[in-house]
Amino acid sequence: ACQELFEEGARVYGRYAFLLQIKDYDRVVRDTERNMELFGFINTYGEGEEDRLNLEKWWPYILRINATARSMLAQHRGDFDDALEVVEEAREQIDDLPEVDAEEFFVERKRSHEALDELEESVRSKRPPSRAEKLEQELQEAVDEEEFERAASIRDELNELRNTA
């Protein structure tokens with residue numbers, strides 16, 4: 001029975017790998033969550049230890065793919081802070097995984113961290129600056145240009161913004 005479930009999980013994997021390529025992120029999230037449920041089910045109810053541990057080595061990968069899709073969805077909504085939060089949560093989940101005595105686990109954990117680092121950098125580069133960040137930049141420009149009255153006004157606006165946050 002576990003072999004049939006493994007085969008089904010492999011078919012779902014093939015589908016979400018394709019869906020990721022065509023940027024159908026909603027369905028990637030659905031399929032990765034489905035496979036995560038399968039991993040948990042087999043780990044809980046598999047008869048043999050080999051069956052129970054067979055999928056555990058792939059957790060870093062599936063967490064990464066799920067986070068990638070969720071982060072892309074957040075970016076499409078314009079919610080770059082949520083996109084970054086998703087990346088950080090995935091990184092923490094991967095770090096918290098119990099180690100599995102399989103080369104695939106260690107390779108996928110390393111690759112997942114690298115991919116999440118790249119994703120975070122990409123999100124940060126696309127994220128528009130906040131109002132406070134814009135004001136800080138304007139303040140620095142005013143100081144550099146020795147426009148001190150303007151700088152004081154911007155400083156006051158920035159302080160007001162920080163105090164209301």
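This is a predicted model: local features need pLDDT of at least 70, side-chain atom pairs count only at pLDDT 80 or more; totals for chains, interfaces and linings use all residues.

Analyst: Residues are numbered from 1 along each chain as its sequence is written, and side-chain values use heavy atoms, with hydrogens and water left out.

The protein chain has eight helices and zero strands; helices (H or I, at least four residues) and strands (E, at least two) are DSSP runs, numbered from the N terminus. Its radius of gyration, taken over C-alpha atoms, is 22 Å, whereas a compact globule of 165 residues would have a value near 15 Å; the globule rule is 2.2 Å times the number of residues to the power 0.38. Along the principal axes, the C-alpha atoms fill a box of roughly 75 × 30 × 25 Å.

As to charge, the protein chain has 23 positive and 44 negative side chains, where Lys and Arg count as positive and Asp and Glu as negative, and His and the chain ends are not counted. The centres of the two sets lie 4 Å apart, the place of a charge being NZ of Lys, CZ of Arg, CG of Asp or CD of Glu.

A salt bridge is a side-chain nitrogen of Lys or Arg within 4 Å of a carboxyl oxygen of Asp or Glu. By this rule there are 21 salt bridges. One of them joins Arg-91 to Glu-120, with the closest N and O atoms 3.1 Å apart. This pair links distant parts of the chain: Arg-91 belongs to helix α5 (residues 80-96) and Glu-120 to helix α6 (residues 103-126), 29 residues apart. Both residues also belong to a network of salt bridges that includes Glu-88, Asp-117 and Arg-124. Arg-91 counts as buried, at 11% relative accessibility; buried means under 20% relative accessible area, exposed over 50%, and partly exposed in between (1.4 Å probe, protein chains only).

Two further pairs can be set beside this one. Arg-30 and Asp-31 form a salt bridge in which the closest N and O atoms are 2.9 Å apart. Here Asp-31 is buried, with a relative accessible area of 1%, while Arg-30 is partly exposed at 42%. Glu-145 and Arg-150 meet through their side chains at 3.7 Å, N to O, and Arg-150 is partly exposed, at 32% relative accessibility. For the chain as a whole, buried residues make up 35% of the 165 residues.
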